[in-house]
Amino acid sequence: QVQLVESGGGLVQAGESLRLSCAPSERALAFYRMGWFRQAPGKEREFVGASLNWNSGRTIYADSVKGRFFISRDKAKNMVDLQMNSLKSEDTGVYYCAADLITGTQWTYWGQGTQVTVSS
């Protein structure tokens, strides 16, 4: 099964920016939806944002990141980026990329995660 590979995580200061990227490990069918989730230490994984339709460009975001995080898609490369601005310590966690070939609420393909640490 196709795996997703995240990159771009790291350690930054509060207020700084970071950009994450996600791509399939091998050639794959075009993903209809691509999104990001995160999991902070001791907490459950939560939704961050998603590109719901590769054709329309419609994106949605969790309230906690709205206006600071932005998702962009590269349809030709089947990739998705997460631009994170004005980072806060509460944004710290492992960020996971997810994708699916159809519309819906479940996500079939997942990455292994990349660590983002924001120091205050």
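Me: Which residue does Asp100 form a salt bridge with?
Reply: This is a predicted model, so local features need pLDDT of at least 70, side-chain atom pairs count only at pLDDT 80 or more, and totals for chains, interfaces and linings use all residues. Residues are numbered from 1 along each chain as its sequence is written, and side-chain values use heavy atoms, with hydrogens and water left out. A salt bridge here is a side-chain nitrogen of Lys or Arg within 4 Å of a carboxyl oxygen of Asp or Glu. With closest N and O atoms 3.7 Å apart, the partner of Asp100 is Arg33.

Me: How many residues apart are Asp100 and Arg33?
Reply: Strands are DSSP runs of E, at least two residues, numbered from the N terminus. Asp100 sits in strand β9 and Arg33 in strand β4 (residues 33-39), so the pair links distant parts of the chain, 67 residues apart.

Me: Is Asp100 buried or exposed?
Reply: Buried means under 20% relative accessible area, exposed over 50%, and partly exposed in between (1.4 Å probe, protein chains only). The relative accessible area of Asp100 is 6%, so Asp100 is buried.

Me: How far apart are the N and O in the salt bridge of Asp91 and Arg38?
Reply: Arg38 is buried at 5% relative accessible area, and Asp91 is buried at 0%. Their side chains meet in a salt bridge, N to O, at 2.9 Å.

Me: Which residues do salt bridges that share partners join into one network?
Reply: Arg38 also forms a salt bridge with Glu46, at 2.6 Å. Asp91 pairs with Arg38 too. The network is Arg38, Glu46, Arg68 and Asp91.

Technical notes:
Helices (H or I, at least four residues) and strands (E, at least two) are DSSP runs, numbered from the N terminus.
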